[in-house]
Amino acid sequence: MSLTQKIREGDQAALKKLTKNVQPTPDDLGGNDDTGQMSAWSIFSSIGFYPVAPASDQYAIGSPAVDGAVIQVGGGKTFKINVNNQGPKNVYIQKIILNGKPLTKLFLSHADIMNGGEITFFMGAKHK
């Protein structure tokens with residue numbers, strides 16, 4: 001089974017909810033009463049990955065909602081997120097390239113991000 005086949009359908013539902021319910025206003029996420037945890041999840045999810053649990057160094061892969069982003073990770077390093085062909089109908093990941101190599105797992109490690117580098121998501125309208 002390929003990486004893209006393993007990504008859950010729930011990620012597609014989360015992306016729809018994220019793009020519908022999160023707005024760039026002070027009350028951006030209705031019912032957000034968890035001291036910002038949902039807002040943090042929405043930011044992470046929009047760039048294509050999110051922390052699995054506080055005690056874990058893993059970030060689960062999801063469907064990004066942006067065309068790209070850059071995270072300043074310290075020491076002059078950055079982690080760049082590129083998303084090719086992202087759009088309302090192109091919510092399925094076709095492949096992911098991490099630092100020039102195909103990503104073959106369903107998560108990133110904290111070190112993957114903090115070491116700096118680049119991840120590229122290739123999106124499409126159908127499961128691959």
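Author: The account below begins with the chain and its sheets and then turns to the core and the rings.

The model is predicted, so that local features need pLDDT of at least 70 and side-chain atom pairs count only at pLDDT 80 or more, while totals for chains, interfaces and linings use all residues. Residues are numbered from 1 along each chain as its sequence is written, and side-chain values use heavy atoms, with hydrogens and water left out.

The protein chain contains 4 helices and 8 strands; these are DSSP runs numbered from the N terminus, helices being H or I of at least four residues and strands E of at least two. Read from the N terminus, the order of elements is α-α-α-β-β-β-β-β-β-β-α-β. Of the 128 residues in the protein chain, 36% are buried, where buried means under 20% relative accessible area, exposed means over 50%, and partly exposed lies in between (1.4 Å probe, protein chains only). Contact is taken as heavy atoms within 4.5 Å. Among contacts in the protein chain between residues at least 6 apart in sequence, 62% join residues at least 24 apart.

Two strands are said to pair if DSSP finds at least two bridges between them. Between β1 and β2 (residues 58-61) the antiparallel pairing extends over 3 bridges, and Tyr-50 stands opposite Ala-60 in β2. In strand β7 lies Ser-109, which counts as buried at 13% relative accessibility. Beyond its neighbours within four places in sequence, Ser-109 is in contact with Asp-57 and Tyr-59.

A further open sheet has 5 strands in the order β3-β4-β8-β5-β6, and its pairing is mixed. Here β3 (68-74) and β6 (101-102) stand at the edges; each has a single partner strand, so one side of each is left without a neighbour in the sheet. β3 and β4 pair in the antiparallel sense over 6 bridges, with Val-70 opposite Lys-80 in β4 and Gly-74 bridged to Lys-77 in β4. These two strands, β3 and β4, form a hairpin with 2 residues between them, and Gly-75 in the turn has a positive phi of about 65°.

The core comes next. A nonpolar core is a set of buried Ala, Val, Leu, Ile, Met, Phe, Trp, Tyr and Cys residues joined through side-chain atoms within 4.5 Å. The largest one has 17 residues, and those with the most contacts inside it are Phe-49, Phe-79, Ile-81, Leu-108, Ile-119 and Phe-121. Two or more residues of this core come from each of β2, β4 (77-84), β5 (92-98) and β8 (117-124). Not counting residues up to four places away in sequence, Phe-121 touches a set of residues that includes Ile-47, Ile-61, Pro-64, Ile-81, Val-83, Ile-93 and Ile-96.

The rings can now be placed. Rings of Phe, Tyr and Trp (its six-membered ring) pair if their centres lie within 6.5 Å; planes under 30 degrees apart count as stacked, over 60 as edge-to-face and the rest as tilted. The whole structure holds 4 aromatic pairs. Phe-44 and Phe-49 form a tilted pair, 6.3 Å centre to centre with 55° between the planes. Phe-44 is partly exposed, with a relative accessible area of 26%, whereas Phe-49 is buried at 0% relative accessibility. Phe-49 also forms an edge-to-face pair with Phe-79, at 6.1 Å centre to centre and 75° between the planes. This pair links distant parts of the chain, as Phe-49 is in strand β1 and Phe-79 in strand β4, 30 residues apart. Both Phe-49 and Phe-79 are buried. Through ring pairs, Phe-44, Phe-49, Tyr-59 and Phe-79 are linked into a cluster.
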